[in-house]
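Please open the structure in your viewer and keep the sequence beside it.

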Amino acid sequence: MEDTFDRLLECHTYDSLKSLFQAYFSNKHEALAAVCEDMTVPAMLERTGAVLLKNDEVMQDQLMCHHRAKWGMAFAPIDFEVYEKRKVRFSKNSDRMLADVYEDFRECFFEARRRQRRRRWD
């Protein structure tokens with residue numbers, strides 16, 4: 001399961017998700033559990049206690065990640081920041097675009113897991 005998770009996150013299509021997971025979660029196991037448990041990004045953020053910041057809100061906490069993907073990418077534009085203590089700021093409609101990335105990732109992840117399980121018995 002971890003190998004599938006890692007392999008998919010290495011795909012360029014999921015760069016934004018990889019950045020979010022690495023900055024937001026303290027370890028890979030938490031991120032993988034979130035993908036297994038939470039069907040949407042809003043559900044994941046709510047369950048894990050995220051603080052959603054307003055665009056004009058000044059942050060004193062350490063910036064863990066600033067991810068920006070421009071037009072021309074599979075899922076773009078995306079622009080978000082993750083600060084320590086699970087504080088997240090999405091610019092413009094980036095939260096919606098990231099939700100699309102997450103949905104696509106989960107679909108690919110679970111489809112890959114289904115194929116892997118079938119192969120074991122072939």
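In which helix do E111 and R114 both lie, and how many residues apart are they? Select helix α5, residues 94-120, where helices are DSSP runs of H or I with at least four residues and strands are runs of E with at least two, numbered from the N terminus. Both residues lie in this helix, three residues apart, which is about one turn of the helix. This is a predicted model, in which local features need pLDDT of at least 70 and side-chain atom pairs count only at pLDDT 80 or more, while totals for chains, interfaces and linings use all residues. Residues are numbered from 1 along each chain as its sequence is written, and side-chain values use heavy atoms, with hydrogens and water left out.

E111 and R114 form a salt bridge (a side-chain nitrogen of Lys or Arg within 4 Å of a carboxyl oxygen of Asp or Glu), and their closest N and O atoms are 3.2 Å apart. E111 is partly exposed at 30% relative accessibility, and R114 is also partly exposed, at 41%; buried means under 20% relative accessible area, exposed over 50%, and partly exposed in between, with a 1.4 Å probe and protein chains only.

Next, select R68 and D79, whose side chains meet in a salt bridge at 3.3 Å, N to O. This pair links distant parts of the chain, with R68 in strand β2 (residues 63-69) and D79 in strand β3 (residues 78-83), 11 residues apart. R68 is exposed at 51%, whereas D79 is buried at 16%.

Finally, select R47 and D38, a salt bridge with its closest N and O atoms 2.8 Å apart. Here R47 is partly exposed at 42%, while D38 is buried at 5%.
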